[in-house]
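This briefing goes through one structure topic by topic, starting with a single residue and then turning to the contact between chains. Please keep the sequence and the model in view while reading.

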There are 2 protein chains.
Amino acid sequence: MGLGKIAILGGGQLGLMLLQAAADLHLECAVMDPDGEAPARAFTAEFVQGDLKDTEAVLAFVRGARAELVTVEIEHVSVEALYQLQREGIRVYPQPEVLELIGDKTAQKKFYLEHGIPTAPFWEVGGKADVLALLENKTVQLPLYQKAGRGGYDGRGVVALTTADDVERALDIAGYLEEAAVAATELCVIVARNVAGKARAYPAVESMYYRQANMVDYLLTPSHLPGEILEQAAELALRVAEAFNCIGLLAVEMFYTAQGQLWVNECAPRPHNTGHHTIEACATSQYSQHLRAITGLPLGETHLREHAATVNLVGAEGHSGPAVYEGLAACMEHAGVYVHLYGKKETRPFRKMGHVTLLGSSAQEVAERIAMVKQTLRVVSKRGAA
Amino acid sequence: MGLGKIAILGGGQLGLMLLQAAADLHLECAVMDPDGEAPARAFTAEFVQGDLKDTEAVLAFVRGARAELVTVEIEHVSVEALYQLQREGIRVYPQPEVLELIGDKTAQKKFYLEHGIPTAPFWEVGGKADVLALLENKTVQLPLYQKAGRGGYDGRGVVALTTADDVERALDIAGYLEEAAVAATELCVIVARNVAGKARAYPAVESMYYRQANMVDYLLTPSHLPGEILEQAAELALRVAEAFNCIGLLAVEMFYTAQGQLWVNECAPRPHNTGHHTIEACATSQYSQHLRAITGLPLGETHLREHAATVNLVGAEGHSGPAVYEGLAACMEHAGVYVHLYGKKETRPFRKMGHVTLLGSSAQEVAERIAMVKQTLRVVSKRGAA
């Protein structure tokens with residue numbers, strides 16, 4: 001092939017789906033993950049268990065695999081190791097500088113400001129005292145979000161300061177306060193940019209919330225928003241990828257505010273959970289697209305082939321232990337239903353155990369399929385409810 | 001999951017694509033193949049190199065893997081081992097009796113006759129003397145095919161007796177003579193039948209020939225034939241799967257004769273090279289469908305999402321050695337092009353190195369894409385032409 005072996009940092013579900021796509025062109029991959037039972041492990045001949053933040057471990061893994069190319073399925077990796085590998089002549093996409101910048105949320109916000117990329121107004125804070133002072137002197141007003149500059153992940157390092165009572169819960173950590181985009185629509189546009197600098201955006205995906213639980217209920221595409229807004233969102237995402245000079249995928253999360261503005265929230269330079277549907281719903285899956293981008297191949301088309309939604313399959317409340325997929329066969333009886341299970345042995349409440357992509361010829365058909373899946377499929381423990 | 005580990009006999013490209021589909025539901029697989037560099041090897045944690053015809057080797061592989069289910073990507077395996085595994089309580093799909101029957105082409109022809117399944121008229125022969133005698137006494141007339149009962153594979157064990165000069169080349173082997181379906185259209189209908197006995201057929205695929213070289217040029221679906229003929233073909237294929245009582249996929253190759261008859265030619269109880277397009281073109285890929293069928297899940301839909309064709313990517317004439325995919329990037333610049341490479345290190349003239357699926361909104365669009373791929377993509381040797 002001449003495309004060379006790829007080392008993937010992270011063997012979770014995103015790594016697993018990268019492997020599935022890599023097999024199309026028979027791009028050999030080696031995978032490293034701290035979890036010896038990581039989802040990707042069963043689907044690669046080369047798996048190394050190790051800490052992705054450990055510089056020496058990452059160096060040993062990539063050198064041992066004789067990889068020509070390194071990529072990630074998670075941002076929380078040793079950027080130092082990636083810089084070193086780059087110096088050794090190994091191609092690293094996303095580039096270490098992109099991961100470094102995105103790894104510091106405060107730096108990311110400043111970057112948007114410097115590059116004229118619209119984002120929610122924000123104020124840097126050193127800790128809780130700064131938060132209280134900014135509120136005191138009325139520089140800022142509730143509702144706000146406080147976000148840690150580093151170490152935030154999957155909801156950690158973020159606190160919503162909505163009412164005066166919440167202020168006590170302010171984090172004593174460096175980061176920033178951000179104006180909350182009230183009643184905004186959440187969109188994500190995934191962009192791919194290849195080695196030649198060519199870029200393409202996927203149609204925006206809208207996050208639909210359970211308002212009560214403040215939890216994403218399902219992801220929908222095309223979004224409900226007017227076409228011109230979606231075009232603006234795509235253009236904005238492409239502009240962000242260009243500003244980062246990022247190679248590979250960049251998932252650009254944004255808000256469409258009640259005032260009609262698009263604000264970039266944050267970015268992830270890797271395959272993204274809002275892009276699972278691209279496997280069945282788009283002309284090129286995000287996983288194939290990432291591999292095309294980083295191996296120097298031309299990008300594939302990104303258009304939707306049908307209406308689509310993704311429902312995350314999370315562990316049922318009250319269930320911890322060996323996972324059982326209740327209703328799997330019943331769910332798969334239906335048309336337009338694509339179940340993906342990540343092979344995690346143990347379920348826990350709200351743990352991401354899989355996802356289901358629903359396709360349909362209309363938004364209405366997709367909506368009916370979403371309802372069916374939610375009524376039918378549940379991840380419980382073999383041991384029963386706790 | 002409770003779906004259990006799957007042992008796959010054969011790790012060629014069909015095994016590789018089974019693995020890709022197995023990863024959707026995280027069905028763990030172990031793979032055995034005689035070739036230590038088999039296409040599937042890089043994409044499974046469990047690979048055993050071994051002879052698939054060696055009963056003890058197959059038994060050791062399946063028992064060692066602690067598989068609950070055994071399947072095949074090739075028919076040429078130890079049926080004896082499969083019967084033994086079945087006796088040990090391991091599920092084997094396709095069933096050993098199906099593989100045994102299909103492994104003997106003469107028995108297969110008789111089976112069609114007994115079950116009222118239309119097939120080309122045939123005459124059993126013990127060897128060359130029988131061929132000559134049948135011609136002599138005018139029981140048969142040219143053009144004919146002579147087929148070996150056993151051991152035929154990929155064109156071996158088949159000889160076309162078209163003119164009187166060909167008769168000298170008749171095989172001195174047990175098998176049968178068959179009336180050649182002159183100017184017939186070749187179709188293949190892939191059927192899936194699950195543990196519950198439910199079955200579904202994919203839309204028929206038509207093999208388009210280079211008439212000069214007697215070589216398949218590309219596979220097309222939907223076929224050019226009228227819809228009612230295609231419906232009859234689907235019904236016939238479902239009837240054949242039912243007659244075999246086969247679980248899993250059954251690819252039913254047939255002729256639509258110049259006289260307007262459908263004749264079943266032969267069957268393969270596994271994923272089939274005429275079904276590669278189902279990955280991108282159909283609602284459920286044949287690989288996912290096979291896994292659904294054998295694991296006891298309901299079958300997925302089989303309809304075409306777009307017009308499709310598959311071009312086999314074979315080694316260029318005059319080229320033997322380390323494979324290089326000339327024009328790969330140029331080919332992937334185009335819309336509707338899905339390249340699959342099997343990762344075979346060495347190319348040889350006409351060796352199957354990959355395939356390209358072309359999708360389009362019309363037969364015309366697909367035809368243009370076929371032409372583009374043929375002009376653009378070539379598998380050559382790094383060493384250059386011999």
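Is A:K138 buried or exposed? In this predicted model, A:K138 has a relative accessible area of 68% and is therefore exposed, since the cut-off for that class is over 50%.

**Backbone features**

- A:K138 is placed in the loop of chain A that runs between α6 (128-136) and β7 (144-148), and its phi is near 60°, a positive value in a residue other than glycine.
- B:N245, which is likewise not a glycine, has a positive phi of about 55°; B:N245 belongs to the loop between α7 and β14 (248-256) of chain B.
- With a relative accessible area of 41%, B:N245 is classed as partly exposed.
- The peptide bond between B:L142 and B:P143 is cis, with omega about -5°, and B:P143 sits in the loop between α6 (128-136) and β7 (144-148) of chain B.
- A cis peptide bond also links B:T221 to B:P222, here with omega about 0°, and B:P222 is found in the loop between β13 (215-221) and α7 (227-244) of chain B.

**Symmetry of the two copies**

- Chain A is superposed on chain B by a rotation of 180° with 0.0 Å of shift along its axis, at an RMSD of 0.0 Å.
- The two copies are thus related as by a two-fold rotation axis.
- Of the interface residues of chain A, 100% are also interface residues in chain B, so the copies meet through the same surface.

**Interface between chain A and chain B**

- The contact involves 44 residues of chain A and 44 residues of chain B, and the area buried between the two chains is about 3,800 Å², with carbon and sulfur atoms giving 55% of this area.
- On the side of chain A, the residues that lose the most area to chain B are A:H26, A:F43 and A:R305, which together account for 19% of what that side buries.
- The rule finds 4 salt bridges across this interface; B:R305 forms a salt bridge with A:E306, where the closest N and O atoms are 3.1 Å apart.
- Between chain A and chain B, 21 residue pairs are counted in polar contact, both residues being at pLDDT 80 or more.
- Elements giving two or more residues to the side of chain A that touches chain B include α1 (13-22), β17 (321-326) and β18 (337-341) of chain A, and β18(A) gives the most, with 5 residues.
- By class, this side of chain A has 28 nonpolar, 6 polar and 10 charged residues.

- B:Q20, a residue of helix α1 (residues 13-22) of chain B, is buried, with a relative accessible area of 13%.
- Apart from its neighbours within four places in sequence, B:Q20 is in contact with A:Q20, A:A23 and A:D24, and the side chains of B:Q20 and A:D24 are joined by a polar contact of 2.8 Å.
- B:E326 is part of strand β17 (residues 321-326) of chain B and, at 38% relative accessibility, counts as partly exposed.
- Not counting residues up to four places away in sequence, B:E326 touches B:T376, B:L377, B:R378 and B:V380, whereas B:E326 and B:K110 are 216 residues apart in sequence and 46 Å apart in space, C-alpha to C-alpha.

Conventions
Residues are numbered from 1 along each chain as its sequence is written. Chains are lettered from A and ligands numbered from 1 in the order in which they are written. This is a predicted model: local features need pLDDT of at least 70, side-chain atom pairs count only at pLDDT 80 or more; totals for chains, interfaces and linings use all residues. Side-chain values use heavy atoms; hydrogens and water are left out. Contact means heavy atoms within 4.5 Å. Buried area is the accessible area (1.4 Å probe) that two parts lose on being put together, summed over both. A salt bridge is a side-chain nitrogen of Lys or Arg within 4 Å of a carboxyl oxygen of Asp or Glu. A polar contact is a pair of N or O atoms within 3.5 Å; within protein, one must be able to donate a hydrogen and the other to accept it, and residues adjacent in sequence count only if both atoms are side-chain atoms. Helices (H or I, at least four residues) and strands (E, at least two) are DSSP runs, numbered from the N terminus. Ala, Val, Leu, Ile, Met, Phe, Trp, Tyr, Cys and Pro count as nonpolar, Asp, Glu, Lys and Arg as charged, and the others, Gly among them, as polar. Buried means under 20% relative accessible area, exposed over 50%, partly exposed in between (1.4 Å probe, protein chains only). Copies are superposed by least squares on the C-alpha atoms of residues with pLDDT of at least 70 in both.
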